[in-house]
Amino acid sequence: MVQKIESQYKEILMQYMQRQSEQNLYDGQNFSRQLISENIAPEEVISVHKAVMQEMYSELPDLVWHSFDLLIEMMISYGLALQERESLLQRQEELRVEMDLAANVQETLLKTKMPSLEGLDIGLLSIPARKMNGDYIYFVSDDNGHAGIAVADVIGKGLPAALCMSMVKFGMDSLNNAEVNPSEVLNVINRVVEKSIDDSMFVSMFYGKYDAKKATLTYGSAGHEPAILYRAEDSSFTELTAKGLLLGVTPVATYEEHTVHLEKNDLVIMMTDGVTEGRTSQGFISREVIFELIERKKDHSAQEIVHYVYEELERMQNAEFKDDFTLVIYKKS
Amino acid sequence: MSNQSVVEIQTEWDIVAARQLGRNVAKELGFGTVDQARITTAISELARNIYLYAGQGRIEIQRLTENGINGIMIIAADQGPGIPDVRKVMEDGFSTSGGLGAGLPGVKRLMDDFKIETIQGEGTDIRATKWLR
């Protein structure tokens, strides 16, 4: 190995000593790349240089050779730093693979079934900013035309947020009732979150219960981004606000709930702050921009509107979402 | 067959003495310049750990012969506080991130064999060997 490197290096060095051309230097650079890929340590390279020089210019004074010994000594730590870097890169790759697996597990674990209801068209999209999603959508429905939707957002991103979401799912699963009112759902989930999640973690959540027979939506919110009601009749946008603390702050929180009646072509837009807190180089993207996007596509299906809003916001932000993005639209048909 | 020599580590100057001893033995055994530099860097690292964390201890250099192959063993022993979390100090990035040098993972890389025994409150014994190829 060393002999092969020595002869190759000797060739390059000899050429360079004769001509000092840019081509010779370029050859040297390419050779160094080869050496790195073969894990040749820098001290080894200097030692090769010294040996080749000794072969070619044995008449040089001893102090020249001594100087290389000092350099070799000094390069040992650089060589170690290089090896350490290799090993850290490998560990990073292992972590990446592990995160991919975890993201798959999360996807399976948090899977929810979109209900199909008479007179309601549903569109949804949830895209994590990193591998793991800190946003969560949960549907529950029954045969009597009731459907509940929870849109939740953990304050925080990535792995901790994703783990936290499992608790919300666990709470929703244990309720498993599409007829329960939002204030009660939020109460139960609040107790689950408060009991089982670290003090520094909070969850915001919107809960809406749709009744297909009456075409009404009853909703409550735990400190979540308000849902928006679009009235087709007068093309107006109204925030659906409801008082309530973030989940996990105190076990005794109470949650307001309100009911709205949906008319044909009305839209209910539910989202996380990843939708509204997008920013461009000019600052935050205002809600009016989002309203405008929605209005432009109001005659399309709910899923088409959702996709359009996502694509447009993505374009405005140069495909860089800082936060998890979740958007759900109900369209009364 | 083995024969040994020892340097007591009490001051920073002793680190140099330990290096010198290691280099002389390595040179006598026929290690090349690069390997000599690796062996002395490992000695430096171990001696400095003793000086910084145990206060005092010793570096012992042994010549080894096994199956006709010669080698050198560095033994770093102290009666210091011991290392509370060996796994952590053996992790890459733990000591280097603080700018403390190559650390024990570095020593392990520089040598062929590496063994560490440490008991909290009693001390640490590290043995690192390099074989002449």
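Student: In this predicted model, which helix of chain A holds Arg33(A)?
Tutor: The model is predicted, not experimental. Arg33(A) lies within residues 22–37 of chain A. That stretch is helix H2 of chain A.

Student: Is Arg33(A) buried or exposed?
Tutor: Count the C-beta neighbours inside 10 Å: Arg33(A) has 10. A residue with 12 or fewer is called exposed. Therefore Arg33(A) counts as exposed.

Student: How far apart are the C-alpha atoms of Arg33(A) and Gly248(A)?
Tutor: Along the chain, Arg33(A) and Gly248(A) are 215 residues apart.

Student: Is chain A a compact globule or more spread out?
Tutor: Chain A has 9 helices and 12 strands. For its 333 residues the globule rule gives 20 Å, but the radius of gyration is 31 Å. The C-alpha atoms fill a box of roughly 100 × 45 × 35 Å along the principal axes. The radius is well over the rule, so chain A is more spread out.

Student: What share of the contacts in chain A, at a separation of 6 or more, joins residues 24 or more positions apart?
Tutor: Burial is a separate count: 32% of the 333 residues of chain A are buried. For contacts with a separation of 6 or more, the share from residues 24 or more positions apart is 71%.

Student: Which strands stand at the edges of the open sheet of 5 strands in chain A?
Tutor: The order is S1-S12-S9-S6-S7, with antiparallel pairing. An edge strand here has a single partner, so one side is left without a neighbour in the sheet. The twist averages 15° from one strand to the next. The edge strands are S1 (120–127) and S7 (236–240) of chain A.

Student: Which helix packs on that sheet?
Tutor: The helix touches S1 and S12 (325–332) of chain A. Its direction makes about 30° with that of S1(A). It spans residues 302–316 of chain A and is helix H9.

Student: Which residue stands opposite Ala227(A)?
Tutor: Strand S6 of chain A covers residues 227–231. S6(A) pairs with S7(A) in the antiparallel sense, over 5 bridges. The residue opposite Ala227(A) lies in S7(A) and is Leu240(A).

Student: What is the phi of Ser235(A)?
Tutor: Ser235(A) is found in the loop between S6 and S7 of chain A. It is exposed, with 10 other C-beta atoms within 10 Å. Most residues other than glycine have a negative phi. Ser235(A) has a positive phi, near 50°.

Student: Is Asn265(A) exposed or only partly exposed?
Tutor: Asn265(A) lies in the loop between S8 (258–261) and S9 (267–271) of chain A. Its phi is also positive, near 70°. Asn265(A) has 15 C-beta neighbours inside 10 Å, so it counts as partly exposed.

Student: Which residue in the turn between S2(A) and S3(A) has a positive phi?
Tutor: S2 (135–141) of chain A is mostly covered, with 5 of its 7 residues buried. S2(A) pairs with S3 (146–154) of chain A in the antiparallel sense over 7 bridges. The two strands form a hairpin with 4 residues between them. The turn residue, with a phi of about 80°, is Gly145(A).

Student: Which helix gives the most to the side of chain B that touches chain A?
Tutor: The contact takes 12 residues from chain B and 13 from chain A. Helices H2 (33–54) and H4 (103–110) of chain B each supply at least two residues of chain B's side. That side divides into 4 nonpolar, 5 polar and 3 charged residues. The top contributor, with 5 residues, is H2(B).

Student: What is the distance between the end C-alpha atoms of H2(B)?
Tutor: H2(B) is mostly covered, with 17 of its 22 residues buried. At 1.5 Å a residue, H2(B) should span 32 Å. The model agrees, with the end C-alpha atoms at 31 Å.

Methods. Residues are numbered from 1 along each chain as its sequence is written. Chains are lettered from A and ligands numbered from 1 in the order in which they are written. This is a predicted model: local features need pLDDT of at least 70, side-chain atom pairs count only at pLDDT 80 or more; totals for chains, interfaces and linings use all residues. Two residues are in contact if their C-beta atoms, placed from the backbone, lie within 7 Å. Ala, Val, Leu, Ile, Met, Phe, Trp, Tyr, Cys and Pro count as nonpolar, Asp, Glu, Lys and Arg as charged, and the others, Gly among them, as polar. Two strands pair if DSSP finds at least two bridges between them. Axes are lines fitted to C-alpha atoms, for helices over the stretch in contact, and angles run from 0 to 180 degrees between N-to-C directions. The radius of gyration is taken over C-alpha atoms; the globule rule is 2.2 Å times the number of residues to the power 0.38. A residue is buried if 20 or more other C-beta atoms lie within 10 Å of its own, exposed if 12 or fewer, and partly exposed in between; C-beta atoms are placed from the backbone. The expected span of a helix is 1.5 Å times one less than its number of residues.
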